[in-house]
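The following paragraphs lead the reader through one protein model, from its overall form to single residues. Please keep the sequence and the structure in view while reading.

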Amino acid sequence: HIDNNGNGTALNIDSEATTAASISIASINTSGNVMLVTNAGNQATGSMVSLIQDHASSAAEALAIRQDGPGEGIVLTTGAANGNGISVNNTGTNSALYLNQDGNGVALNIDSEATSSRSLWIQAANTGSDVVTISNSGANTVGSLFQVAANSGLNTGNCLEVINAGTGEGIRLDQNGNGIALNIDSEATSADAINVSMVNTSGNGLDIQNTGAHTSGQLVFLAEDNASSSVTLLSLQQDGTGNGILLDQNGNGVALNIDSEATSADAIYVDVSAQTTGKGMYVRSEGAARTTGDLVGIYSGDSGTGSRQLLVVHNDHASATGAVPVWVIQDSTGPAVHIDQNGNGTALNIDSEGTSANVITISAITNTTGHVFSCSDANSLTTGRVLDIQSNSADTSARAVAFVNQEHADASGAIAVSV
């Protein structure tokens with residue numbers, strides 16, 4: 001018992017030991033404090049307990065706490081005073097605070113009743129290493145290496161916020177094991193699971209790259225896994241003049257493959273009602289690469305006997321008198337349109353509801369030695385006709401069912417009909 005009533009040091013230990021402890025307390029206490037430091041005075045400066053490692057070359061810990069039991073390594077309780085609960089000042093190169101928790105208990109437990117200040121604040125001027133490093137060498141099978149939990153349903157603040165004012169990465173996940181790098185389990189019903197807001201001018205908003213030899217799975221997979229859902233699975237809004245979607249297929253594979261299990265809905269639907277001079281769909285191929293491949297191919301192997309069309313081009317407004325449903329321009333010497341009718345059906349069937357306009361008009365003003373209309377190789381005919389023209393009209397007006405007119409008087413060598 002030391003009772004020091006004067007203004008001097010109550011206990012001063014000057015130890016010249018180099019490998020032994022200056023103070024060693026061995027206790028088998030079961031309920032009380034092994035060491036208790038209390039101060040009933042109004043202390044304005046100094047510290048209740050001060051540990052100073054006063055050698056700049058020292059590599060030892062200023063404070064080492066070892067807890068082999070299941071209790072806390074450190075319990076720090078502060079009152080209502082506005083001061084630091086614990087302050088560690090280390091001018092050396094080793095750990096300012098080292099916790100060696102060998103028992104199955106919490107190494108550092110912070111119970112904060114603060115409502116407007118931080119429970120843990122780390123302020124660093126680091127330039128070359130991690131500010132916070134969490135490393136686990138154990139075979140962790142349950143739980144998390146790092147967990148941030150906001151357990152109050154009334155919480156409207158951010159659970160985790162990362163602010164990066166530099167040019168480095170805000171968050172970097174280096175997943176070396178065969179596991180999910182980022183797994184988001186959201187129970188939200190009306191809020192976004194992921195929200196990315198940016199003011200980018202040149203970089204990518206989202207960049208996903210895979211350098212591995214990917215043979216199965218997808219690089220990006222989106223699934224709306226509820227049959228009752230009626231929302232759009234992927235929605236892209238482009239307010240600028242750039243491409244809404246750009247597919248740059250460099251490998252010898254399908255650039256866009258759509259597998260639709262819909263039975264009555266369209267597989268592809270394009271609404272270009274606001275377009276004025278652009279094309280609703282434009283397919284372009286130029287150069288010398290294409291040899292035998294089709295530019296547009298439509299194939300049906302269905303065996304159904306229902307009435308249907310493989311290709312329908314419909315101009316559905318009577319006022320659109322300048323619209324041509326199909327326009328074919330052929331600048332080469334091949335056929336502009338080729339119909340290969342292999343089945344026993346009509347190769348070309350024209351159903352015209354016109355009353356005063358021609359059903360077929362052929363303009364060949366530049367033709368000199370070719371035939372304007374040619375029908376050849378009808379070599380299997382028995383009772384059929386090469387040309388069959390029939391009219392069943394009962395009208396008594398004067399008319400010609402077939403009319404051939406050589407209109408120029410100078411064409412003395414032209415024969416109107418040659419049999």
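Is cysteine 375 buried, partly exposed or exposed? Cysteine 375 counts as partly exposed, at 47% relative accessibility; here buried means under 20% relative accessible area, exposed over 50%, and partly exposed in between (1.4 Å probe, protein chains only). Cysteine 159 is likewise partly exposed, with a relative accessible area of 41%. The structure holds zero disulfides, a disulfide being a pair of cysteine sulfur atoms within 2.5 Å.

The model is predicted: local features need pLDDT of at least 70 and side-chain atom pairs count only at pLDDT 80 or more, whereas totals for chains, interfaces and linings use all residues. Residues are numbered from 1 along each chain as its sequence is written, and side-chain values use heavy atoms, with hydrogens and water left out.

The overall form comes next. The secondary structure of the protein amounts to zero helices and two strands; helices (H or I, at least four residues) and strands (E, at least two) are DSSP runs, numbered from the N terminus. The protein is more spread out than a compact globule, because its radius of gyration is 44 Å, well over the 22 Å that the globule rule gives for 419 residues. That radius is taken over C-alpha atoms, and the rule is 2.2 Å times the number of residues to the power 0.38. Along the principal axes, the C-alpha trace spans about 145 × 45 × 40 Å.

Of the 419 residues, 1% count as buried. Among contacts with a separation of 6 or more, 28% are accounted for by residues 24 or more positions apart, where contact means heavy atoms within 4.5 Å. The protein exposes about 40300 Å², and carbon and sulfur atoms supply 47% of that area; accessible areas come from the Shrake-Rupley method with a 1.4 Å probe, and for residues only the protein chains shown count as cover.

The side chains include 9 positive and 39 negative ones, with Lys and Arg counted as positive, Asp and Glu as negative, and His and the chain ends not counted. The centres of the two sets lie 15 Å apart, the place of a charge being NZ of Lys, CZ of Arg, CG of Asp or CD of Glu.

Leaving aside neighbours within four places in sequence, isoleucine 110 is in contact with Ser119 and Leu120. Isoleucine 110 and aspartate 68 are 42 residues apart in sequence, and their C-alpha atoms are 19 Å apart in space.

Leucine 233 also lies in the segment after β2 and is partly exposed, with a relative accessible area of 47%. Not counting residues up to four places away in sequence, leucine 233 touches Leu222, Ala223 and Glu224. From leucine 233 to serine 303 there are 70 residues in sequence and 32 Å in space, C-alpha to C-alpha.

Alanine 288, in the segment after β2, is exposed, with a relative accessible area of 76%. Alanine 288 and threonine 241 are 47 residues apart in sequence and 30 Å apart in space, C-alpha to C-alpha.

Finally, aspartate 377 is found in the segment after β2 (98–101) and is exposed, with a relative accessible area of 66%. Aspartate 377 has a positive phi of about 60° although it is not a glycine. Most residues other than glycine have a negative phi.
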